[in-house]
Amino acid sequence: MKRLNFPLSVILLVVPCAVLAAFTHYPAVKSLINSFWSMGTRRRPSQFIGLENYQTLLADGTLHQIIWNSTLYAIVTIPAAIALSIGMALLVNAKLPGTALMRLSFFLPTMMPMIAVANIWLFFYAPGIGLISQIFVLFGLQPINFLGSASTSLWSMMAVAVWKEAGLFMIFYLAALQAVPPNLKEAARIEGAGPIRIFFDIVLPLLKPTTVFVAVNALINSFRLIDHVIVMTKGGPNNSSALLLYYIFEVTFGYRDSAYGSTLTVFMVLLLGLMALIQFKILDRKTHYQ
Amino acid sequence: MIQAAWIPRAIILGLFAFVIFGPLANMLLWAFTEVWYFPHKLPVEWGFGFWARVFKPRGNAMLSLNNSVVIAIFVVITCLLVSIPAGYALARGRLPWRSLILVAFLLPQAFPSVAVHINIARIFYGFGLNGTFVGVVLVHTVQGLVFSVWIATAAFSAIDRELEEAARNIGASPLRTFFTITLPMAMPGIMASAIFVFLQSLDEFTGTFFVGVPDIMTMPLLLFTASMEGNYQIASITALILLVPSVFFMLIIERFLKADVLAKVGS
């Protein structure tokens, strides 16, 4: 069959593109436009105010804390998820008895809906009767109210995110590990390199393309997933576990300030784009293999 | 005799097992609890009382399970109706901006979905779609589309064009060729995307939360409400029900996890 002619292809694509534009691209553009307008009320219709919303944004003290939270969250969860997933991939790749079961267990958290994961961890962290509290008591330690105290709430969120994501990244690393030519490792072994040296000098550099892919995905996810914040802490106590997207949600629905919510959305997208760019640049420079 | 090398490995595996299954075990305890309060280490009373409440016909849970499944079915149908023609056009069409269109379909994946949902909720509010069945189906469909269009495009691109040409040469009409040759061959990929879209819709929380509340109750929303009310038993049972399709799906795709299939991803 010859290629589909142009008019027919366009007809087939009209509906999908319209749906996509109406429900994802239009809302995105609308955020950008809204960010230059004031919040309309019944008495005062919204009017063009230029960069005023952005001035509010710069002066917003809560936002500073939230940016710090989000940054810390990304800085900790991304490397942690990467390190853990490489570790799990190595374990599974080692061809020991029971690897099929291990692979399934590692992958299990990834398959679970985020909302269920958030609740599972809510019970796990529960002060007093939660399993973690009980283990602390078992070892004679003072139990901690993980979600209820400002010093631990963000870290508790991080643990959930890494738990959920590492299994997915493991799959990509597993695939990459199996593509590492065995003769390279063999040659290094003959030259007298130990297993640790082989891993850091041969395997890890070969995994770089996968790491780029995983790192970018982990970065995007660290900003996009907030189900657990909504379920477990609602950003509290005292905004200690609020992430940027959660703040947008709170401003838009809690304070009903959709103009400022839009401004924050634009800010977040810019930030995300910038960071993805930097990440690509840094990691790309070190990627020698394609 | 146990070799010394096994000891650190066993400790690592034990830690992994605890970290992965500890939270799950905690949830299972709650699912079979009648009464549990501090300082008891284990539930004070065990039982199936809350299971009976969840599975009560016409109960809240059964209603929301029903809602979730019906919504997911509609989402899959809508996604397939849109993505099959689109995928076919993108795979076979003579299109000038093909890659641009594909990127446009991928873009929402990078854009924070909650931000989109918030805006959709506002737009839907204007059309009176908030709290309606159609509104929720639309929100889920938009999310599923990103994925299903890409998969459909890949599935159609992978089909050997000569088979289609052979069918045409012996006199089959283009439409007949599509339905007897092309579509059946693309079916595995399309089915995979349908399953994925189904699960995604079943598990979707934030979009439903923004657009559907308070009139459309789905399983994830019920789970959220139960846990906010401090009803950990109902929340655990609901979470367990939600896990069933995911785990089932995982067992199906388990053979694909053997990695040679995924070897090309990301590199």
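Author: Arg92(B) is buried in this predicted model, at 3% relative accessibility, where buried means under 20% relative accessible area, exposed over 50% and partly exposed in between, with a 1.4 Å probe and protein chains only. Its side chain meets that of Glu164(B) in a salt bridge of 3.2 Å, N to O; the term denotes a side-chain nitrogen of Lys or Arg within 4 Å of a carboxyl oxygen of Asp or Glu. Glu164(B) lies in helix H7 (residues 161-169) of chain B and Arg92(B) in helix H3 of chain B, so the bridge ties together parts that are 72 residues apart in sequence. Helices here are DSSP runs (H or I, at least four residues), numbered from the N terminus. Glu164(B) is buried as well, with a relative accessible area of 0%.

As to provenance, this is a predicted model, in which local features need pLDDT of at least 70 and side-chain atom pairs count only at pLDDT 80 or more, while totals for chains, interfaces and linings use all residues. Residues are numbered from 1 along each chain as its sequence is written, chains are lettered from A and ligands numbered from 1 in the order in which they are written, and side-chain values use heavy atoms, with hydrogens and water left out.

Over all chains, the whole structure holds three salt bridges. One of them joins Arg189(A) and Glu186(A) at 3.3 Å, N to O. These two residues are three apart in helix H8 (residues 182-190) of chain A, and therefore separated by about one helical turn. Arg189(A) is partly exposed at 47% relative accessibility, and Glu186(A) is partly exposed at 38%. Another joins Asp201(A) and Arg197(A) at 2.7 Å, N to O; being four residues apart in helix H9 (residues 195-206) of chain A, they too are separated by about one helical turn. Asp201(A) is partly exposed at 44%, whereas Arg197(A) is exposed at 54%.

Glu250(A), in helix H12 (residues 244-254) of chain A, is buried yet has no salt bridge: the nearest side chain of opposite charge, Lys234(A), is 9.1 Å away. In this count Lys and Arg are positive and Asp and Glu negative, with His and the chain ends not counted.

Helix H3 of chain B also takes part in aromatic pairing. The rings of Tyr88(B) and Phe156(B) have centres 5.3 Å apart and planes at 75°, so the pair is edge-to-face. Rings of Phe, Tyr and Trp (its six-membered ring) pair if their centres lie within 6.5 Å, and planes under 30 degrees apart count as stacked, over 60 as edge-to-face and the rest as tilted. Tyr88(B) in helix H3 and Phe156(B) in helix H6 of chain B are 68 residues apart, and the pair links distant parts of the chain. Tyr88(B) is buried at 6% relative accessibility, as is Phe156(B) at 0%.

The search of the whole structure finds 28 aromatic pairs over all chains. Among them, Phe74(B) and Phe133(B) have ring centres 5.7 Å apart and planes at 90°, so this pair is edge-to-face. Phe74(B) lies in helix H3 (residues 60-92) and Phe133(B) in helix H6 (residues 133-157) of chain B, so the pair ties together parts 59 residues apart in sequence. Phe74(B) is partly exposed at 43%, and Phe133(B) is partly exposed at 30%.
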